[in-house]
Amino acid sequence: MLSTLLSQIVNGLVLGSLIGLIALGYTMVYGIVQLINFAHGEIFMVGAYGGLAMFTYLLPTALKNHWYFALPILLIVGAAVSVLVAVAMERLAYRPLRGAPRLAPLITALGVSVALQEAVRVFYPNATAAVPFPTIFVPGTLIIPIGDGIPIKYSAILLVVVALALAYALNTFVERSRMGRAMRATAQDPDVARLMGVDPDRVIVLTFVLGGALAGVGGILYGGLYNTINIDMGFQNGIFAFTAAVLGGIGNIRGAVVGGLAIGLVKALGGQYLPGGTAYDYVWIFVVLIVVLVFRPQGFFGETERVRA
Amino acid sequence: MTRRRTVVTAAILAGALGLTACGTNRDEAAGSGGGSSCDTSKGTLVIGMVAPLSGSLSALGLGMRNSTKLAVDQANQKCTVKGYKLDFQPEDDQATAQIAGQAATKLSSDPNVVGVVGTLNSSTAQTVAPILDAKKIVMVSPANTNPTLTLGQAATTAPARPFKTYFRVATTDLVQGPFGAQYLIQKAGKKNIAVINDGKTYGAGLAATFSAEATKLGAKVVAQEQVGEKDTDFSGVIAKIRPLNPDAVYYGGEYPVAGPLSAQLAGAGLNIPLMGGDGIVDKQFVALGGRVGDLATNVGAPADQLPSAATFISDYKAANFAEDFSAYGVLTYDAANVIINGLATAVGTGTFDDSKRQALIDAVQATKLDGASGSIAFDQYGDTTNKVLTVYGVKGDNFAPIETGTYKAS
């Protein structure tokens, strides 16, 4: 029984790390421009397809079987594709609406989400159905010998390590670097930040670049872990990630990671121990969200919303 | 400037969407010109189809589309329906009940639509069948296996046929689930079985009939779990069943979930076979993670072992379709021919109008057809009288037949 509990905690942490990685993109964009970028899930999906295209059509066969070559290439390509799409999305869809009422970019985000999904469906070969994805990392499973054994796929370990390292790096960047300070300043008060010489357009583009890169890396790690990707993956995981961002306090980087891990754990443990079993695990995620929001509307780490002048 | 560009972009997008929405996908049936000298003076009648032509189940749906097109083209060449040209109009349902409903409404609003082949999914059939039934349009499904479609809600206790125009050439889950259980327990010798389903009409129904038979045969159903049809992470379910030491997993659902589920079972150290129903019998199952040793049942006998299907297979190859005829190709071809032959009988040498719809239903009910899948006839509920099923196992990169048999209740 102990091994079951530990297995479910492991499962929760793996899923939670992935959700947290995507949630960072939601939370950063919201922090800077107060936009819930519903197309962010699709940025994650596009990264996975971009990496797969690279692997299938461009990578020499000799390199495909060596993860230490293939993995970095795929991660970079996936991140690059996601960054490109994210920046294009900001430039074409969101920047023209800067200053428009908040609902306009929100609806635009939904439109971008549908457009990206359909674009991949139409233009990527065989994307109408789920597509197999290679196990770029060490294949197989590590079984930790406690009780019945706790199985962890090596690619799951990779996902957790990379996700947490990137989240830590992002946090350090935002708190320590000059650009990070500009980001925090813009989040706090864009007008005053501008007076202090911060270029808001640069900060906003940087935000989309960072969020896109994390999502792209997430897409590749997701593909490597589950060995199948489909055009819905962004929507499904995007909803979880958005929920994680809200749960952790939207606009807060640590909150996004903690929110993601919380959702992963609730899904895994709820499916195991709560009535209804795995059929109801989504329900428990949103029950937790509602309960947290009733007592802490700003989420775990969020600040109460300021009224903007 | 920016504003204008936005407006222009929006207008282009709206226009593109409009075009897609208006585009008709009616196929001008080939073969009406060259070589054919049929009398088509009385006009055109339409055979419709509702099936997933896009989305994760499109591998099956596209095979169904091509097989029906083949049957329609052949009927046009052979002048099967006197005085009429047949058109084929496939509609995409994306395996979603709501979209299937729209497709059915679209077809049923066209007075020239006489019959519909489809659907693939039982859940979509539950929406489509009542819409077509209201317009007395015959529907023949090659793939729906949920018992309630022909036998009503109390399928096992008090069967009552809900739709007079609904027929199917596929055997139901009342037969398929137990057939799978008999193989898995009596032939493969499995004792502790974990049952998982996707909560949809087909998957949940199949899992239930399987579990009932498995228990009856003395095996232990150690777990009953449910996953979402769009899930990709099954680690939770697997961690839950792992300590129960199952020696096999039965999955009620379709290959987009079953493939990754099988791979993740192995990934968690559970090297036990996964068995499913007709919904997982496709090459894609293996591409998405299905393992050698995984099993499945499918309705009918395997096409390449049926002498009756040989003509169909060679004709299908000759027609050069881009996609395989897939798991339901043979049955779909038969379903289309059931409608076409019924139509030929109902029309005779006369003309087709709304008063002939009842005659068409009666003709289909009385079908005696030597089809590609074997002899086809319907019982009083609209179910096929043919109870042949086949057990398949994964070999290489696809399913290969293991044994074919006629279902006998245990």
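The model is predicted, and local features need pLDDT of at least 70, side-chain atom pairs count only at pLDDT 80 or more, while totals for chains, interfaces and linings use all residues. Residues are numbered from 1 along each chain as its sequence is written, and chains are lettered from A and ligands numbered from 1 in the order in which they are written. Helices (H or I, at least four residues) and strands (E, at least two) are DSSP runs, numbered from the N terminus.

- Let's start with strand S1 of chain B, residues 43-51, where 7 of the 9 residues are buried. A residue is buried if 20 or more other C-beta atoms lie within 10 Å of its own, exposed if 12 or fewer, and partly exposed in between, with C-beta atoms placed from the backbone.
- S1(B) pairs with strand S2 (residues 84-92) of chain B in the parallel sense, over 9 bridges. Two strands pair if DSSP finds at least two bridges between them.
- S1(B) also runs parallel to strand S3 (residues 113-118) of chain B, and 5 bridges join these two.
- Met49(B) is a handy residue to look for: its bridge partner in S2(B) is Pro90(B), and in S3(B) it stands opposite Val117(B).
- In a regular strand the side chains alternate between the two faces of the sheet.
- S1(B), helix H2 (residues 58-78) of chain B and S2(B) form a right-handed β-α-β unit. Right-handed means that, with the strands pointing away from the viewer, the path from the first strand over the helix to the second runs clockwise.

**Around the ends of these strands**

- The peptide bond from Gly118(B) to Thr119(B) is cis, with omega near 0°. You will find Thr119(B) in the loop between S3 and helix H4 (122-134) of chain B.
- Ile99(B) belongs to helix H3 (residues 97-108) of chain B. With 18 other C-beta atoms within 10 Å, Ile99(B) is partly exposed.
- Leaving aside residues up to four places away in sequence, Ile99(B) touches Asp93(B) and Gln94(B). Residues are in contact if their C-beta atoms, placed from the backbone, lie within 7 Å.
- Ile99(B) and Pro52(B) are 47 residues apart in sequence, and their C-alpha atoms are 9.8 Å apart in space.

**The seven-stranded sheet of chain B**

- Chain B has an open sheet of 7 strands with mixed pairing, in the order S7-S6-S8-S9-S10-S13-S14.
- Its edge strands, S7 (220-226) and S14 (398-406) of chain B, each pair on one side only.
- Neighbouring strands of this sheet are turned by 25° against each other on average, direction ignored.
- Within the sheet, strand S8 (residues 248-252) and strand S9 (residues 274-276) of chain B pair in the parallel sense over 3 bridges. Here Tyr251(B) stands opposite Gly276(B) in S9(B).
- Helix H9 (residues 255-267) of chain B packs on the sheet and touches S8 and S9 of chain B, and its direction makes about 160° with that of S9(B). Axes are lines fitted to C-alpha atoms, for helices over the stretch in contact, and angles run from 0 to 180 degrees between N-to-C directions.

**Where the chains meet**

- 32 residues of chain B are in contact with 33 residues of chain A.
- Helix H1 (2-22), H2, S7, helix H8 (235-241), H9 and helix H10 (283-287) of chain B each supply at least two residues of the side that touches chain A.
- That side of chain B divides into 11 nonpolar, 16 polar and 5 charged residues. Ala, Val, Leu, Ile, Met, Phe, Trp, Tyr, Cys and Pro count as nonpolar, Asp, Glu, Lys and Arg as charged, and the others, Gly among them, as polar.

**Helices and loops of chain A**

- Helix H6 (residues 154-176) and helix H7 (residues 178-188) of chain A pack at an angle of about 80°, with their axes 5 Å apart. H6(A) and H7(A) are therefore roughly perpendicular to each other, a label for angles of 65 to 115 degrees, whereas angles under 35 count as roughly parallel, over 145 as roughly antiparallel and the rest as oblique.
- Val120(A), in helix H5 of chain A, is buried, with 22 other C-beta atoms within 10 Å. Among the residues that Val120(A) touches are Met45(A), Tyr49(A) and Ile231(A).
- Asn126(A) has a phi near 60°, a positive value in a residue other than glycine. Asn126(A) counts as exposed, with 12 C-beta neighbours inside 10 Å.

Methods: Contact = placed C-beta atoms within 7 Å.
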